[in-house]
Amino acid sequence: MLKLITVGKMKNRALAEICADFTDRLKRFGGLEIVELKDSTPEKEGERIIESLKNFKGRVYVMSEEGRTFSSKEFSQRLEQDELIGGSSFVIGSAYGLSEATKKRADILMSMSPMTFTHEFARAILIEQIYRAKTITAKTGYHH
């Protein structure tokens, strides 16, 4: 199971189309469940994020600038290992960051880059990387 919990809706149409395209491509690998939460304070968002993870048994990755980075191949191996324990769930917070409770809920704090992205760019990049990871495991040739 792959799950993405994100705060805020996609307003940028071009990025929304990219997300939709890669989400559609992920269907061949079991799909990606996307949960969009309404903007609020980091604490209230955190409560909703933790509630959304209540029955999730797999590994939880919380996107955070102080998190760990992975190469695409390392990320692919992690997602493959995660399947054995119930899958992977990813959390992208709002522009105001994440609550401490959300960070504590993480199994892994993960950073996509030392740079900061809008939640919309972060979402597009992350979904593409999840797709890339799945194609690396499947040896489809998408990743060169």
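Arg132 is buried in this predicted model. Its relative accessible area is 18%, and the cut-off for buried is under 20%. Arg132 sits in helix 5. Beyond its neighbours within four places in sequence, Arg132 is in contact with Ser72, Tyr142 and His143.

**Helix 5 and its partners**

Arg132 also belongs to the contact between helix 3 and helix 5. Helix 5 packs with helix 1 as well. Two packed helices are described by the angle between their axes and the distance between the axes. The table sets out both pairs.

| Helix pair | Angle between axes | Distance between axes |
|---|---|---|
| Helix 1 (residues 13-25) and helix 5 (residues 119-138) | about 20° | 9 Å |
| Helix 3 (residues 72-83) and helix 5 | roughly 75° | within 8 Å |

Take helix 3 first. The axes of helix 3 and helix 5 cross at roughly 75°, so helix 3 is roughly perpendicular to helix 5. On the helix 3 side, the contact is made by Ser72, Lys73, Phe75, Ser76, Leu79, Glu80 and Glu83. Helix 5 supplies Leu126, Gln129, Ile130, Arg132, Ala133, Lys134, Ile136 and Thr137. By class, the contact of helix 3 with helix 5 has six nonpolar, four polar and five charged residues.

Now helix 1. Helix 1 and helix 5 pack at about 20°, which means that helix 1 is roughly parallel to helix 5. The crossing of helix 1 with helix 5 is left-handed. From helix 1 come Leu15, Ile18, Cys19, Phe22, Thr23 and Arg25. They meet Glu120, Phe121, Arg123, Ala124, Ile127, Glu128 and Tyr131 of helix 5. Eight nonpolar, one polar and four charged residues make up the contact of helix 1 with helix 5.

**Ser64 in strand 3**

Strand 3 spans residues 59-68 and includes Ser64. Is Ser64 buried or exposed? Ser64 is buried, because its relative accessible area is 9% and the cut-off is under 20%. The side chain of Ser64 has a polar contact with the side chain of Glu66, at 2.7 Å. Which residues does Ser64 contact, leaving aside its neighbours within four places in sequence? They are Lys103, Leu109, Met110 and Ser111.

Key
Residues numbered from 1 in each chain as written. Predicted model: local features only at pLDDT ≥ 70, side-chain atom pairs only at ≥ 80, totals over all residues. Heavy atoms only, no water. Helix = DSSP H or I, 4+ residues; strand = E, 2+ residues; numbered from the N terminus. Buried < 20%, exposed > 50% of the residue type's maximum accessible area, 1.4 Å probe, protein only. Polar contact = N/O pair within 3.5 Å; in protein donor to acceptor, adjacent residues only side chain to side chain. Contact = heavy atoms within 4.5 Å. Axes fitted to C-alpha atoms, helices over the stretch in contact; angles between N-to-C directions. Parallel < 35°, antiparallel > 145°, perpendicular 65-115°, else oblique. Left-handed = near helix turned anticlockwise from the far one by under 90°. Nonpolar A, V, L, I, M, F, W, Y, C, P; charged D, E, K, R; others polar.
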